[in-house]
Amino acid sequence: KTLGLIGFGRIAQATAAKARGLGMRILYASRSAASPEVERTLEATRVETPEALAAQCDILSLHVPGGEATRHLVDAALLARMKPHAIVVNTARGPVIDEATLAEALAQGRIGGVGLDVYEHEPVVHPGLLAHPRAVLLPHLGSATIEARTAMGMRAADNLAAFLRGEEPGDRVA
């Protein structure tokens, strides 16, 4: 099977390493190419566009930041390029996928399945995905590990301590 990764940062590269252990072929689409060393180590090949990537993979995994530049990156045109058995996995940001279009493609059998941990209109999930037998839906728990939650708590404590010392907190939210 071929794993296609849209975005190729730290998490996507860790995903690629795990997939290589399962004997998968790794393709990726990203604004910039990974270093030759990373590509060689992961046996990963860059594809120029997300659409070209979607046409070649059996599993499409999203690893891009949120925002207007990536909103509805997975739309009707991209889904139409995918193989009918392909699976879309989104653990990045919900609005990266046009959920209504995804639900329609799934219902019509134009894609094989979806695995989502984030949703376009959280906490609301498109009703066409909720009961579909080929949709695996998680309650946004990608960071729900003891290590991640401990680190989050420690970071919050560090921010609070900085504030109480009269310093600028490291993770200030305006």
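Visitor: What do the buried residues of helix 5 pack against?
Guide: This is a predicted model, and in it the buried residues of helix 5 pack against helix 4 (76–81), strand 5 (87–90), strand 6, helix 6 and strand 7. The buried residues of helix 5, which covers residues 99–107, are Glu-99, Thr-101, Leu-102, Ala-103, Ala-105 and Leu-106.

Visitor: And what comes just after helix 5?
Guide: Just after helix 5 there is Gly-109, which takes a positive phi of about 75°.

Visitor: Which salt bridge does Glu-104 make?
Guide: The side chain of Glu-104 meets that of Arg-110 in a salt bridge, with an N to O distance of 3.5 Å. Glu-104 is partly exposed at a relative accessible area of 42%, and Arg-110 likewise counts as partly exposed, with 30% relative accessibility.

Visitor: How many salt bridges are there in total?
Guide: The count comes to five salt bridges, and one of them joins the side chains of Arg-20 and Glu-43, at 3.0 Å from N to O. Because Arg-20 lies in helix 1 (residues 10–21) and Glu-43 in the loop between helix 2 (36–42) and strand 3 (44–46), the pair ties together parts that are 23 residues apart in sequence. Another pairs Lys-83 with Asp-58, where the closest N and O atoms are 3.5 Å apart. Here Lys-83 lies in the loop between helix 4 and strand 5 and Asp-58 in the loop between helix 3 (50–56) and strand 4 (59–62), so this pair ties together parts that are 25 residues apart in sequence.

Visitor: Where does Asp-117 lie, and what does it touch?
Guide: Asp-117 lies in the loop between strand 6 (113–116) and helix 6 (127–130). Leaving aside residues up to four places away in sequence, Asp-117 touches Asn-90, Thr-91, Glu-122, Leu-138, Pro-139, His-140, Leu-141 and Gly-142.

Visitor: What about Leu-138, where is that one found?
Guide: Leu-138 is found in the loop between strand 7 (135–137) and helix 7 (146–164), and it is partly exposed, with a relative accessible area of 39%. Together with Val-136 and Leu-141, Leu-138 makes a nonpolar surface patch of about 240 Å².

Visitor: Switching to the backbone, which peptide bond is cis?
Guide: The peptide bond from Glu-122 to Pro-123 is cis, with omega near 5°, and Pro-123 lies in the loop between strand 6 and helix 6.

Visitor: Which residues have a positive phi without being glycine?
Guide: Among them are Glu-43, whose phi is near 50°, and His-72, whose phi is about 55°. Glu-43 lies in the loop between helix 2 and strand 3, while His-72 lies in the loop between strand 4 and helix 4.

Visitor: Zooming out, how many helices and strands does the protein have?
Guide: The protein has seven helices and seven strands, and from the N terminus on they run β-α-β-α-β-α-β-α-β-α-β-α-β-α. Of its 174 residues, 38% count as buried, and of the contacts with a separation of 6 or more, 55% come from residues 24 or more positions apart.

Visitor: Last one: what does UniProt list for residues 1–142?
Guide: An unreviewed UniProt entry lists residues 1–142 as "domain: D-isomer specific 2-hydroxyacid dehydrogenase NAD-binding". Over residues 1–142 the chain is 32% helix and 20% strand, with the end C-alpha atoms 24 Å apart.

Conventions: Residues are numbered from 1 along each chain as its sequence is written. This is a predicted model: local features need pLDDT of at least 70, side-chain atom pairs count only at pLDDT 80 or more; totals for chains, interfaces and linings use all residues. Side-chain values use heavy atoms; hydrogens and water are left out. Patches are made of residues with over 30% relative accessible area and no salt bridge: like charges are joined within 9 Å, nonpolar side chains (Val, Leu, Ile, Met, Phe, Trp, Tyr) within 5 Å. Accessible areas come from the Shrake-Rupley method with a 1.4 Å probe; for residues, only the protein chains shown count as cover. A salt bridge is a side-chain nitrogen of Lys or Arg within 4 Å of a carboxyl oxygen of Asp or Glu. Helices (H or I, at least four residues) and strands (E, at least two) are DSSP runs, numbered from the N terminus. Buried means under 20% relative accessible area, exposed over 50%, partly exposed in between (1.4 Å probe, protein chains only). Contact means heavy atoms within 4.5 Å. UniProt positions are given in the numbering used here, feature names are shortened, and annotations may be inferred rather than shown by experiment.
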